[in-house]
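Good morning, and thank you for coming. I would ask you to look at the model first, and I shall then take you through its parts.

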Amino acid sequence: MLQLVMLGTAGAGVAIGLSIFPLFYAISDVINEWIGPLWAMVAYFATMVAVLITIWMLDRPSYRWNFENLRKSVKAETYVGQVVEYAITAENCAVAHSVTEIAKVGDIDHIVATPVGIWVIETKYKKVPRKTFSEVLRRIAVNTDAVRKWAPDGTLVRGCLVLAYENENKIKKRNYSFNKEKIIVLNINLLMYNIRSEARAKQSLDERIAKDIWKLGHVTE
C-alpha cells in the first residue's frame, strides 16, 4: 500500500510538472514577459528532479524506509514472533507482540514470560551499523527497565537483541551492557533453545505475570 501511494504521488508530480509548461506558455503574453517557456521548462524539470530524488532515496538499500527494508523488517519480526509462540508450550508462559502500553521508547517487539522470567526482545533483520548499535542497546535497556518496573518486585527481566540474519547459524550468543542493564544478543535458533528450555523449568515466576502479559498482547492487537 505504501509503495502504491508513493508511486501515485510521483506520477502526480510528473503530471503537474507537465501541466506547468503549457499553462505558463498560455499566459506568458498576458502577464509579464518573464513568465515564458524558459521558466516553465525550469519549473517542470525542477519538479521532475525532486520526484526522481525521492524515488531514488526510497529505493536505496541503506535507507531505513526503503520498501524492501520495510518488507524484510516485518517478515523478521513476524518470524521471531512465530518462533516464540512455537517455543512456548508450558503453562504459565505468555507472549505479547508490538507492545506500546508500557514501553518507554517506541514499541517492544516481543515480551515473553516463562516460568523463570521475562524476556524483552528487539528484532533486527540486518546487521546493525556500528554508529547506531549503541542507540539500539539504549532502546532495549530503557524498555527492559520499564518492564522491570511494571513487573512485581524481584522478577527476573532480561533484554534481548535477536539478529534475524539469513546466515543466522554464524551468530553466537554475546552479552552487552548499556549503563547497568545487561543485554543478550542471540540468533533465532538460540532464542528458541533458551525459551523452550525455560518453558519446561520449575515455576519460579509469579503466575499472574503470564496473564498480565497476555492482556498486553490483547491491547496491542
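The largest nonpolar core holds 18 residues, and V99, I108, I111, I118, V147 and I213 are the ones that touch the most other members. By a nonpolar core I mean a set of buried Ala, Val, Leu, Ile, Met, Phe, Trp, Tyr and Cys residues joined through side-chain atoms within 4.5 Å. Buried stands for under 20% relative accessible area, exposed for over 50%, and partly exposed for what lies in between, with a 1.4 Å probe and protein chains only. At least two residues of this core come from each of β1 (94–99), β2 (108–113), β3 (118–124) and α6 (207–219). The most is given by α6, with four residues. Helices (H or I, at least four residues) and strands (E, at least two) are DSSP runs, numbered from the N terminus.

Leaving aside neighbours within four places in sequence, I213 is in contact with A94, V95, A96, I111, A113, I118 and W150. Contact here means heavy atoms within 4.5 Å.

A word on the source. This is a predicted model, in which local features need pLDDT of at least 70 and side-chain atom pairs count only at pLDDT 80 or more, while totals for chains, interfaces and linings use all residues. Residues are numbered from 1 along each chain as its sequence is written, and side-chain values use heavy atoms, with hydrogens and water left out.

Now the overall layout. The protein chain has six helices and six strands. Read from the N terminus, the elements follow the order α-α-α-β-β-β-α-β-β-β-α-α. Of the 221 residues in the protein chain, buried residues make up 40%. Among contacts between residues at least 6 apart in sequence, 64% join residues at least 24 apart.

Two strands count as paired if DSSP finds at least two bridges between them. Strands of a sheet pair through backbone hydrogen bonds, either parallel or antiparallel. In this sheet, β4 and β6 run parallel and are joined by four bridges. C160 stands opposite I184 in β6.

I turn to the charged side chains. How many salt bridges does a search of the whole structure find? The search finds seven. A salt bridge is a side-chain nitrogen of Lys or Arg within 4 Å of a carboxyl oxygen of Asp or Glu.

One of them joins K149 and D145, at 3.2 Å from N to O. K149 and D145 are four residues apart in helix α4 (residues 130–150), which means that about one helical turn separates them. K149 is exposed, at 67% relative accessible area, whereas D145 is partly exposed, at 27%.

Another joins E181 and R148, at 2.8 Å from N to O. This pair links distant parts of the chain, with E181 in strand β6 (residues 181–186) and R148 in helix α4, 33 residues apart. E181 is buried, at 11%, and R148 is partly exposed, at 29%.

R158 and E198 also meet, at 2.6 Å from N to O. Here R158 lies in strand β4 (residues 157–163) and E198 in helix α5 (residues 188–199), 40 residues apart. R158 is buried, at 15% relative accessible area, and E198 counts as buried as well, at 11%.

Finally, the cysteines. How many disulfides does the structure hold? The structure holds zero, a disulfide being a pair of cysteine sulfur atoms within 2.5 Å. C93 is buried, at 6% relative accessible area, and C160 counts as buried, at 0%.
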